[in-house]
Amino acid sequence: MCWDYWGVSITAAVVMGKSIVIIGGGAFGISTAWHLSQSLGEGRKYSSICVLDRFPPPSQAAAASDINKMIRTQYSDPVYVDLAMSAMKAWTDPTSIFNKHFHQSGWLLCASGSSVPFIEESAHNALRKGVRDVRFIKTAEVRSIWPVFTGSMKDWKILSDPAAGWAASNNILLEMAEESAARGVSFISGNAGHVQSLLLNESCTGVRTVDGTIYHADHVVLAAGANTASLIDMEGQHCALGHTVCFIKLRPEEVERYQQMTLIANIEEVPGVSLPRYREDNPRDDVPDEIQRRLRGWVREVMPELAERPWSETRICWDTETANEDFVICRHPRQKGLIITTGGSGHAFKFLPTLGTFVSQVLEGTLPRVLEEKWQWGSSTSVTNKHKAKPMFAAPIQELSDLPGWQSCSAKL
Ligand SMILES: Cc1cc2nc3c(=O)[nH]c(=O)nc-3n(C[C@H](O)[C@H](O)[C@H](O)COP(=O)(O)OP(=O)(O)OC[C@H]3O[C@@H](n4cnc5c(N)ncnc54)[C@H](O)[C@@H]3O)c2cc1C
């Protein structure tokens, strides 16, 4: 919008910053708030930024909230290898806020069935990109380097990357939120932060929360994770996938024995799909018996001495899964002012240092073409149409409500 005043042309966009509402304070939402807050203030790009979430950061319902998340660069898709390498630079940069939350423990990426091609392609890409020290390793060598792995790991293909590690995810989310708040971002939780609906009328002008509050904004960034489709029709681009987390508490005398171990992940396990059901709303929900049995079998293959220990905590953690495990980061094709940022597909956390940059590039129309095409609306079709190349979670997905031990949840996507 321009106007003339005594012959002087002034562009309003330069003078007036845009107001932003972000729905969801998980990986995409916090990273977006943190990046945009660097341009927040009078006479700057953004006049106000508000993050709405049911819970204060680190949101207990977020897939991003956890004690740890793996940070690695192995991907079968070279574009994600580049993106992960650039995120890794931030995690390992001693001057960044990310570095003190990152622990370089190394990791073993394992598969024994349909995810083997993902591992092979990842190794190939690592070689091409000059990632040093990534190599296939035999079970016997695993046992000799880390004597805590006494299990058979029978027929496992194992790729070792000593540069990978884990991040204390809750802690870094909290620090990013605190830093954003110090720059002027508002974080609103409870019913006043729980978004009930978007204000849509060819353009998205704001949101209404459960307590009836209306927030208007120039741009609404929808970053509601597995819950995204409850606020806008995603037209079959993703579904909610439940990943199971079970904890075993070590006894004090065991801590020393296990503390030097590397991360180990077998990505062959079958995740479950359903409508996302949060324990915050359904406190009696438990992990289905069948999944617990499989997880115990996995522990038995790696560390049999821990296999019969009781879980100290269990959780089904919901993320959005797209057909090709690509994110969706784009403007909504029909609702002006609405930006969609979702499709974490079980692997978005490592990009926490950079996700918000991509959202700011979408807002400014500067997202590199290759990413624009990859993450545009509709580039991922139905999740049942799994997928052209070599997905990480290649095993067929399973409907959770078909499994005994899961509280009855008849609705399906
Ligand atoms: C068990 C598990 C392990 C994982 N491990 C890794 C890993 O090791 N490495 C890795 O890179 N990635 C990992 N991921 C993937 C990564 O955590 C997710 O891809 C990422 O967190 C997705 O971010 P998000 O912002 O889309 O969703 P989330 O992080 O789930 O955040 C969504 C937020 O939106 C809020 N919200 C939802 N609905 C509303 C509403 N109506 N109103 C207001 N707020 C709302 C929620 O409360 C939540 O805080 C893992 C995921 C899971 C589930």
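The crossing of helices α2 and α9 is right-handed, a crossing being left-handed if the near helix is turned anticlockwise from the far one by less than a right angle, and right-handed if clockwise. The model is a predicted one, in which local features need pLDDT of at least 70 and side-chain atom pairs count only at pLDDT 80 or more, while totals for chains, interfaces and linings use all residues. Residues are numbered from 1 along each chain as its sequence is written.

Helix α2 covers residues 27-36 and helix α9 residues 352-364, and the two pack at an angle of about 70° with their axes 7 Å apart; α2 is therefore roughly perpendicular to α9. Here helices (H or I, at least four residues) and strands (E, at least two) are DSSP runs numbered from the N terminus, axes are lines fitted to C-alpha atoms, for helices over the stretch in contact, with angles running from 0 to 180 degrees between N-to-C directions, and angles under 35 degrees count as roughly parallel, over 145 as roughly antiparallel, 65 to 115 as roughly perpendicular and the rest as oblique. On the α2 side, A27, F28, S31, T32, W34, H35 and L36 meet L352, L355, G356, T357, V359 and S360 of α9, contact being defined by C-beta atoms, placed from the backbone, that lie within 7 Å.

Two backbone features lie in loops. Most residues other than glycine have a negative phi, and most peptide bonds are trans. A cis peptide bond, with omega of about -5°, joins P57 and P58, and P58 lies in the loop between β4 (46-52) and β5. D155, a residue other than glycine, has a positive phi near 60° and is found in the loop between α5 (139-145) and β9 (157-161).

The mean pLDDT of the protein chain is 89, with 87% of its residues reaching 70 or more, pLDDT being the predictor's confidence in each residue, from 0 to 100. Over residues 1-14 pLDDT stays under 50, as pLDDT also does over residues 408-413.

Definitions and conventions: Two residues are in contact if their C-beta atoms, placed from the backbone, lie within 7 Å.
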